[in-house]
2 protein chains.
Amino acid sequence: MNMQTIGRLHSALDNAVLQELTQLLGERVTVASAACMRHGQDESYHAPFPPDAVVYPASTAEVVAIVKICHSHRVAIVPYGVGTSLEGHIAALHGGVCIDMGRMNQVLEVNAEDMDARVEAGVTRKQLHSHIRDTGLFFPVDPGADATIGGMAATRASGTTAVRYGTMRENVLGLTVVLADGSIVRTGTRARKSAAGYDLTHLFVGSEGTLGVITEIALRLHPVPQATTSAVCPFATLEGAVNSVMLTIQSGIPVARIELLDEVQMRGVNRYSKLDYPLLPTLFFEFHGTDAGAAEQAQMVGEIAREHGGLEFQWASRPEDRSRLWQARHDTLYAGMSLRPESRALVTDVCVPISKLAECVLETRRDIDTSGLIAPIVGHVGDGNFHLLILVDPNNAAEIERAMALNTRLVNRALGMGGTCTGEHGVGYGKIEFVEQEHGAGVSVMRTIKMALDPLNLMNPGKIFREVAPTL
Amino acid sequence: MNMQTIGRLHSALDNAVLQELTQLLGERVTVASAACMRHGQDESYHAPFPPDAVVYPASTAEVVAIVKICHSHRVAIVPYGVGTSLEGHIAALHGGVCIDMGRMNQVLEVNAEDMDARVEAGVTRKQLHSHIRDTGLFFPVDPGADATIGGMAATRASGTTAVRYGTMRENVLGLTVVLADGSIVRTGTRARKSAAGYDLTHLFVGSEGTLGVITEIALRLHPVPQATTSAVCPFATLEGAVNSVMLTIQSGIPVARIELLDEVQMRGVNRYSKLDYPLLPTLFFEFHGTDAGAAEQAQMVGEIAREHGGLEFQWASRPEDRSRLWQARHDTLYAGMSLRPESRALVTDVCVPISKLAECVLETRRDIDTSGLIAPIVGHVGDGNFHLLILVDPNNAAEIERAMALNTRLVNRALGMGGTCTGEHGVGYGKIEFVEQEHGAGVSVMRTIKMALDPLNLMNPGKIFREVAPTL
């Protein structure tokens, strides 16, 4: 990397850049070290890299102006939502300017008739949820954290409902993106399908800020089903739980959610959320449909579970009970960490074909047990996606190394089964080598595209793949 | 366009190129004019452009070798499935070599447990359908023609079931692509979701051969539902039919198919398929689900239809009746053309947000009526997508001009409503100006990507956007 090309702000340029940014944004520019520190650290175990300045634009036009200033001075740009990513996505590896999208938090349009919405990038998923509560529609994608829609689009996030409603890949209809040179591109249309040229929407979804700053997102919404029922079901064995998931998916039963928490994770959930579930491998279910349809799904899944050692379904029929149940599921990261105070979680994220799920989960559970590490398993198993929360002492280098070795074995296991190293968390700077292993020549294609659209390598440099040398 | 860079084969290079191709492929190279003519004309009204040679590779390795020969001699490459595209996609605007994928027609893998398959690009959709008939799975995407899976991926095709199962965008899990320099890239994994870097699969789906030659496709399959029921329902008015569609979609009823044929089209269907449906605007339905679920959907849709002037549902419950019904639907292009012998169809393809469907269809019907042209309407209305088959005398320039003016007004209408100029047929060389109008700055991004991945502009040049000047 040519550090004369992408400069930190402590070069001779500093004052000029800061002056221009201040002229544009007034007090919405800061170089205060607390703010910079906070913006350089996500929820992962990865080392923080603070930016040199943080800016708070209020419009796409301001983002354009910021990007143009950075572009003319060759300063790196890191877009920021609320910092809940898990692979160091927002680490300012080359310093530069962090663009905090938090003030762009307007829901711009809700078209109930077309079941779509347009939001600014800083809107969070819970904010959107509240905003559309009375429309009869909902937005399904729900990573555990209350992430921004912009961040979720940038990392191709998913969550508990992807098995039925898809990930951000399936739920983003279009984007407004500011490119590295400050030009604006609007992708997609409001039509539900199109064959009009390259699919730029999907190119930007999951590009982690390396191709541009997402400022607006058009989203697909879904009708709130007539009936929603949730249940938890403990299983005698982990194997029985996972086999039930496989059979449910293979039977084509359209479950809305089917989530696995192993017995270690259940201990954390009970402790953190003050619940008293049995300490057994447990599936969390949700069924959406007409009254008859949801009941029929529940009955079919119930039969499968019983055949595989499932105990009684514990139903949550009142909305507040359902909220409590799913909040407990969404808090699993914090619940897991509560099992070992002062720890940080090294969170893994493999996803495998559904036929390999039992083999992958069970081998991994054995690997954890022999490793001596504490690592609850939790996952969106209907997609073949599951996480270990490997709880490490951040000051114990040897333990971190053992944890990383466990993750490496896990990734190799998943790739060997035709899976991926990351189902939903993304690459950041934490999984670059795994992505090379997974995609081979595909990484060269990604770098070629990156270099074509961002020849100075200013947009979130050092993420997804090894650094691209600027062409200037 | 620098014609010294992309040469036709009648330059001094000819013999060298043909010799190298013949050395590689033996008799699977032809310059016979009948073969070249046939490969330069799709099913559209667009002027044919024959290639200079047609080659028939039998493996990805042979495609690599062909592309390398063309690359070293700067000869254009046009990938070819069965030639059923509708916007001149396979026209060899710069001559060169047409790669007919027809001999790469192996179904390589069917993984019933994971509901996926891997096929060579020359497998047709009906061939795949037969191959997997006994697995309890099916592949839903069904353009009218028996297109190849490779061609369908390249044009981001869809069909009657997209409203429930999505288009090729949602049903391609991964691709093997030979790039312009002969390198091979494999995209995607067998996992159902991934956040591992740029979404190259979606970049190549819909790229119409301009970024590389697709040689293998991994596909998502779906479980054959327990119950499948089909019906047709004539309506007193076109407005009633379209409003029923809007309400069905907005109610979130998961219809598998909901297709509109106006009264003009129904006349063609009856004539071509020897049927006796009422000559009224008609919806074709299909319901998939459990026995109870499919019946419930049918009942809900029946109520909506009755409220909007729908007459009696005519049910097709036996498989052979269903096949007959949907074959009639799939033959609408040929049925429409039967309304005016010796005509060619200028087929339009707009797609609008569902809330605008009635307005768009009814305004368009009035526009057709005042134009004096014969143009049945048929469409995948559950997606907001509908076609006119404007039947023109290919020798009547004035009539063709009136037809194109009608299409231009239609596209402007759709774009004004937030829609797209092409829901599923793609751009080819027929819709380049409309795509510029629709995507503006997005087209520059597409061209930048094209130039980065194919700097010599060898891959299907002249499609999707205006020609890119080669960088050499």
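Visitor: Let me start with one residue: what does A:Asp321 count as, going by its relative accessibility?

Guide: In this predicted model, A:Asp321 counts as partly exposed, because its relative accessibility is 27%, which lies between the 20% limit for buried and the 50% limit for exposed.

Visitor: And which residue does A:Asp321 form a salt bridge with?

Guide: The partner is A:Arg318, and the closest N and O atoms of the two are 3.0 Å apart. A:Arg318 is also partly exposed, with a relative accessible area of 48%.

Visitor: What about B:Asp116, which residue is its salt-bridge partner?

Guide: B:Asp116 pairs with B:Arg190, with 3.1 Å between the closest N and O atoms. B:Asp116 is buried at 3% relative accessible area, whereas B:Arg190 is partly exposed at 24%.

Visitor: Which residues do salt bridges with shared partners join into one network?

Guide: A:Glu363, A:Asp367, A:Arg409 and A:Arg413 are joined in that way.

Visitor: Changing topic, how many residues of each chain are in contact where chain A meets chain B?

Guide: On the side of chain A 77 residues are in contact with 77 residues of chain B. The area buried between the two chains is about 5,700 Å², and carbon and sulfur atoms give 63% of that area. Within chain A, the residues that lose the most area to chain B are A:Lys193, A:Ala195 and A:Tyr198, which together make up 17% of what that side buries.

Visitor: How many salt bridges are counted between chain A and chain B?

Guide: The count is four. In one salt bridge, the side chain of B:Lys193 meets that of A:Glu424, with 3.4 Å from N to O. The rule also finds 36 residue pairs in polar contact across the interface.

Visitor: Which element of chain A gives the most residues to the side that touches chain B?

Guide: That is α17(A), which gives nine residues. By class, this side of chain A has 32 nonpolar, 29 polar and 16 charged residues.

Visitor: Now the inside: which residues touch the most other members of the largest nonpolar core?

Guide: They are A:Met168 and B:Met168, in a core of 231 residues. Helix α15 of chain B supplies the largest share of this core, seven residues. Leaving out residues up to four places away in sequence, A:Met168 touches several residues, including A:Phe139, A:Val141, A:Ile149 and A:Leu219.

Visitor: Last one, is A:Thr332 buried or exposed?

Guide: A:Thr332 counts as buried, because its relative accessibility is 6%. A:Thr332 lies in helix α13 of chain A, and the residues it touches, beyond those up to four places away in sequence, include A:Leu261, A:Val269 and A:Leu389. Although A:Thr332 and A:Val269 are 63 residues apart in sequence, their C-alpha atoms are 6.5 Å apart in space.

Terms used
Residues numbered from 1 in each chain as written. Chains lettered and ligands numbered in written order. Predicted model: local features only at pLDDT ≥ 70, side-chain atom pairs only at ≥ 80, totals over all residues. Heavy atoms only, no water. Contact = heavy atoms within 4.5 Å. Buried area = accessible area lost by both parts, 1.4 Å probe. Polar contact = N/O pair within 3.5 Å; in protein donor to acceptor, adjacent residues only side chain to side chain. Helix = DSSP H or I, 4+ residues; strand = E, 2+ residues; numbered from the N terminus. Nonpolar A, V, L, I, M, F, W, Y, C, P; charged D, E, K, R; others polar. Core = buried A, V, L, I, M, F, W, Y, C linked by side-chain atoms within 4.5 Å. Buried < 20%, exposed > 50% of the residue type's maximum accessible area, 1.4 Å probe, protein only.
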